[in-house]
Amino acid sequence: MNDKRVLLIVGGGIAAYKALELVRLLRKAGIGVRPVMTAAAAHFVTPLSLSALAEDKVYDDLFSLTDEAEMGHIELSRSADLLVVAPATADLMAKAAGGLAGDLASTVLLATDKPVLMAPAMNVRMWAHPATRRNLATLMADGVQIVGPGEGPMACGEFGPGRMAEPAEIFEAIVAALEGGALEGGAGSPLAGRRALVTAGPTEEPLDPVRMLTNRSSGKQGYAIAAALARLGAEVTLVSGPTALAAPAGVRRVEVRTAVEMLNAATAALPADVAVCVAAVADWRPDAVFGVKLKKGKEGPPTLRLVENPDILASLSRSGPQRPRLVIGFAAETNDVEAHARAKLARKGCDWIVANDVSEAGVMGGDDNAVMVIDGKGAERWPRGPKAAVAGRLARRIAEALA
Ligand SMILES: Cc1cc2nc3c(=O)[nH]c(=O)nc-3n(C[C@H](O)[C@H](O)[C@H](O)COP(=O)(O)O)c2cc1C
């Protein structure tokens with residue numbers, strides 16, 4: 001990545017502070033960063049911090065005589081391999097969608113002939129507003145790649161989608177874009193023309209109309225993998241149990257509740273070149289689902305009988321002529337991780353197992369993961385890192401295997 005350069009446009013939002021961490025990640029990977037700031041962004045982070053981390057001058061004035069003499073705004077707009085807008089404010093998105101060019105950031109976005117990646121960040125109502133929806137649709141139709149936003153508590157005290165993707169996730173999207181050579185799944189993308197199936201999230205096995213058996217899976221790792229595969233150009237179907245997550249851009253999501261529904265939806269998504277089974281599928285379900293709520297009574301607590309759920313990973317691994325070329329399972333283990341994962345690889349008939357130690361604090365439901373990838377040849381231990389980074393690395397390994 002040492003010869004790659006990014007023009008980073010920082011917009012005026014609370015999330016601008018995360019742009020500093022993004023610059024650090026990019027520089028650590030050897031990627032050159034040339035920063036552009038809007039006037040509003042300077043209220044949130046200082047040009048000095050941005051410049052120091054980027055090890056380059058900050059451009060912020062369209063009408064600067066010195067800047068224009070050194071590097072004209074048109075030259076600036078083409079001086080990098082990729083333009084990244086983080087945070088992409090509602091205002092910047094509107095300007096770019098409308099083709100406005102009233103300041104340096106918007107002028108550069110209009111004048112560039114390079115691919116553009118935006119990481120939107122705004123209040124949940126701003127994100128949901130029909131004007132922003134329209135602008136987003138226009139930008140995507142114009143070929144702008146979107147990463148995030150995520151869902152969660154916001155600096156403004158509200159909750160919902162609009163939170164900027166984490167720096168690690170934006171970093172992975174940038175690496176994928178720079179490596180892929182094309183951003184919109186064009187012919188140059190490593191997974192262009194490939195179909196991917198990803199399962200994610202928990203399943204819910206109902207007992208009666210108000211009760212169910214489920215687990216603590218958040219779906220974050222599976223969603224990150226679906227997003228990473230889509231960024232490399234794959235046509236992705238994400239079969240998801242109930243989660244609080246928004247569908248990643250460019251991914252077709254099929255929502256299910258039970259293991260049986262998940263198996264049916266996954267089978268219906270075949271043929272696929274790769275299947276990644278990340279979902280935490282309940283091993284068992286109650287053998288009877290009561291049509292009315294069970295009541296406490298003199299006879300004491302009811303006895304639950306469980307029956308085994310279908311094994312989705314094993315079914316996909318043995319799906320005959322429909323079998324994806326690469327079937328990958330996740331194994332959440334709490335002890336003897338490698339031994340259990342090897343046994344699972346053999347038992348299920350899949351090609352790789354990605355094992356994670358869920359006894360580690362912060363893995364189940366958290367943003368980080370530490371995994372070991374096991375295939376027929378051996379085991380690779382990957383360092384603990386954000387789920388987005390694990391997803392990006394896995395997507396690149398998949399692209400290499402399918403090449
Ligand atoms: C405290 C504060 C936080 C803000 N956060 C955001 C934000 O996260 N996203 C956004 O789109 N606008 C946000 N705004 C509004 C933008 O700063 C405003 O629309 C500005 O004109 C954007 O300019 P720019 O797009 O040129 O950077 C915020 C404003 C304030 C005062």
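Start by selecting Asp336, which sits in the loop between β16 (326-333) and α13 (337-348); helices (H or I, at least four residues) and strands (E, at least two) are DSSP runs, numbered from the N terminus. You are looking at a predicted model, in which local features need pLDDT of at least 70, side-chain atom pairs count only at pLDDT 80 or more, and totals for chains, interfaces and linings use all residues. Residues are numbered from 1 along each chain as its sequence is written.

**Two positive phi angles**

Look at the backbone of Asp336: its phi is near 45°, a positive value in a residue other than glycine. Asp336 counts as exposed because it has 11 C-beta neighbours inside 10 Å. The cut-offs are these: a residue is buried if 20 or more other C-beta atoms lie within 10 Å of its own, exposed if 12 or fewer, and partly exposed in between, with C-beta atoms placed from the backbone.

Now jump to Glu55, in the loop between α2 (47-54) and α3 (65-70). Glu55 is not a glycine either, yet it has a positive phi of about 55°. Is Glu55 buried or exposed? With 10 other C-beta atoms within 10 Å, Glu55 is exposed.

**Two cis peptide bonds**

Select Ala86 and Pro87 together. The peptide bond from Ala86 to Pro87 is cis, with omega near -5°, and Pro87 is found in strand β3. Next, go to Leu270 and Pro271, which are joined by a cis peptide bond with omega of about 0°. Pro271 belongs to the loop between α11 (259-268) and β13 (274-277).

Return to strand β3 (residues 82-88) and pick Leu83. Leu83 is buried, because 25 other C-beta atoms lie within 10 Å. Show what surrounds it: setting aside residues up to four places away in sequence, Leu83 touches Leu7, Ile9, Leu109, Thr112, Lys114 and Val116. Contact here means that the C-beta atoms of two residues, placed from the backbone, lie within 7 Å.

Then move to Ala165, in the loop between β7 (159-163) and α9. Ala165 counts as buried, with 27 C-beta neighbours inside 10 Å. Which residues does Ala165 touch, not counting those up to four places away in sequence? They are Ala119, Val147, Gly148, Pro149, Gly150 and Ile170. Tyr17 and Ala165 are 148 residues apart in sequence, and their C-alpha atoms are 13 Å apart in space.

**Around the ligand**

Bring up the ligand and the 15 residues around it; Gly12, Gly13, Thr38, Ala40 and Thr89 come nearest. A residue is near a molecule or strand if its C-beta atom, placed from the backbone, lies within 6 Å of it. Helix α5 (residues 90-98) supplies the largest share of this shell, three residues.

Colour the chain as domain 1 (5-180) and domain 2 (195-290 + 299-402), bounds that come from an automatic or database domain assignment. Their C-alpha centres lie 33 Å apart. At the interface, twelve residues of domain 1 are in contact with 15 residues of domain 2. On the domain 1 side, α9 gives the most, with eight residues. That side divides into seven nonpolar, one polar and four charged residues.

**The largest core**

Finish inside the protein. The largest nonpolar core has 123 residues, and those with the most contacts inside it are Leu8, Ala86, Ile174, Val198, Ile225, Ala226 and Leu229. Such a core is a set of buried Ala, Val, Leu, Ile, Met, Phe, Trp, Tyr and Cys residues joined through C-beta atoms within 7 Å. Helix α9 (residues 167-180) gives the most to this core, with nine residues. Domain 1 and domain 2 each provide at least three of its residues.

Centre the view on Leu229. Leaving aside neighbours within four places in sequence, Leu229 is in contact with Leu191, Ala196, Val198, Ala234, Val236, Ala395 and Ile398. For a last stop, select helix α14, where the buried residues include Ala395 and Ile398.

Conventions
Ala, Val, Leu, Ile, Met, Phe, Trp, Tyr, Cys and Pro count as nonpolar, Asp, Glu, Lys and Arg as charged, and the others, Gly among them, as polar.
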